[in-house]
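Hi there,

Here is the model I said I would pass on. Have a look at it first, and my notes follow below.

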Amino acid sequence: GGGEEWREAMRVCASPCTALPPLLVRSPFLFPRCSVTHMALELGALMWDTMLLASSASAFASDNLLRAVERVAELFLAVVPVHNARHLQRVPLIAALYHNDCMYLAHLLALIPVHFATRLPEGVRCSFEDVSLRLRREAYLCMKTQMGVQRGQLAEGLQRVGTLENTETEEIREGIRRGMRQLVMQLTHLGNAWIEALPEQEYLRAMGALVGEVVEELVAQIERIEDITSVETQHLNALFQLMQPVAELFR
């Protein structure tokens, strides 16, 4: 039936199948492996089934059905970010899933005109470029906002670490160690939330940017120290070793 045809088409476009020729593995018709919500899958199925109806309807009915597909996407953009505004701001996993849902529906709306180009009645034009671009922009803005939230939280974590310019006493070093461990825990929790949800390249870009900014700030503090004794070097080296678990987020 129509649902089975849709699932097969999306299986082909969503699975980075190693059996495909190298050029096809990077085809624009392939959607990167990531997590999407059940709601997005159901909306995708609804759009696909509507297009199947449009392909066997009169030109007038087909045109109306195409507009209905576009309205489904517009309704998604109007309702979901408003209904989930607080969670999108506070919960990194939900922000990642909303990003993926937007990209998934945008990808589907780009695939539909190609798949149905020769199936629609003569004279019916199928294009969802405008709403597809809106979905992609919404995905970008969602992740941009969430990255801002994470940067703010990491900045607070760096404040708890304090300055590395003074490591003279054990009490000071213990305070820095405590702050470092909290930073590592914060990054690890975020990485664990995103690694299975986001597409690989998006995950690496986002986590790489956040980890890089944290390391740059810590290194900048050391560069401001004019004279570092051998003892202080050992202390600083031991403190930076606490950041080692972060490397596991990229393996």
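**What I found**

Of the 251 residues in the protein, 39% count as buried, where buried means under 20% relative accessible area, exposed over 50%, and partly exposed in between (1.4 Å probe, protein chains only). Please keep in mind that this is a predicted model: local features need pLDDT of at least 70, side-chain atom pairs count only at pLDDT 80 or more, and totals for chains, interfaces and linings use all residues. Residues are numbered from 1 along each chain as its sequence is written, and side-chain values use heavy atoms, with hydrogens and water left out.

On confidence, the mean pLDDT (the predictor's confidence in each residue, from 0 to 100) is 85, and 88% of the residues reach 70 or more. Over residues 5-25 the pLDDT is below 50, and this stretch has 31 contacts in the model beyond near neighbours in sequence. A contact here means heavy atoms within 4.5 Å.

**Overall fold**

The protein has 10 helices and 0 strands; helices (H or I, at least four residues) and strands (E, at least two) are DSSP runs, numbered from the N terminus. Among contacts with a separation of 6 or more, 75% come from residues 24 or more positions apart. The accessible surface is about 14,200 Å², and carbon and sulfur atoms hold 56% of that; these areas come from the Shrake-Rupley method with a 1.4 Å probe, and for residues only the protein chains shown count as cover.

**Aromatic pairs**

You will find 3 aromatic pairs in the structure. Rings of Phe, Tyr and Trp (its six-membered ring) pair if their centres lie within 6.5 Å; planes under 30 degrees apart count as stacked, over 60 as edge-to-face and the rest as tilted. One of the pairs is Phe-31 with Tyr-104: the ring centres are 5.6 Å apart and the planes stand at 80°, so the pair is edge-to-face. This pair links distant parts of the chain, with Phe-31 in the loop between helix 2 (22-25) and helix 3, and Tyr-104 in helix 6 (residues 92-116), 73 residues apart. Phe-31 is buried at 8% relative accessible area, and Tyr-104 is buried at 4%.

Another pair is Phe-76 with Tyr-98, whose ring centres are 5.9 Å apart with planes at 25°, so this one is stacked. Phe-76 belongs to helix 4 (residues 59-83) and Tyr-98 to helix 6, so the pair ties together parts 22 residues apart in sequence. Phe-76 has a relative accessible area of 3% and is buried; Tyr-98 is buried too, at 4%.

**Two threonines**

Thr-37 lies in the loop between helix 2 and helix 3 and is partly exposed, with a relative accessible area of 22%. Not counting residues up to four places away in sequence, Thr-37 touches Leu-97 and Asp-101. From Thr-37 to Tyr-104 the C-alpha distance is 10.0 Å, across 67 residues of sequence.

Thr-50 sits in helix 3 (residues 38-55) and counts as buried at 13% relative accessibility. Leaving aside neighbours within four places in sequence, Thr-50 is in contact with Leu-65 and Val-69.

**Cysteines**

How many disulfides are there by the rule used here? The count is 0, taking a disulfide as a pair of cysteine sulfur atoms within 2.5 Å. Cys-142 is in no disulfide, and the nearest cysteine sulfur, that of Cys-102, is 6.9 Å away. Cys-142 is buried, at 10% relative accessible area.

Best wishes
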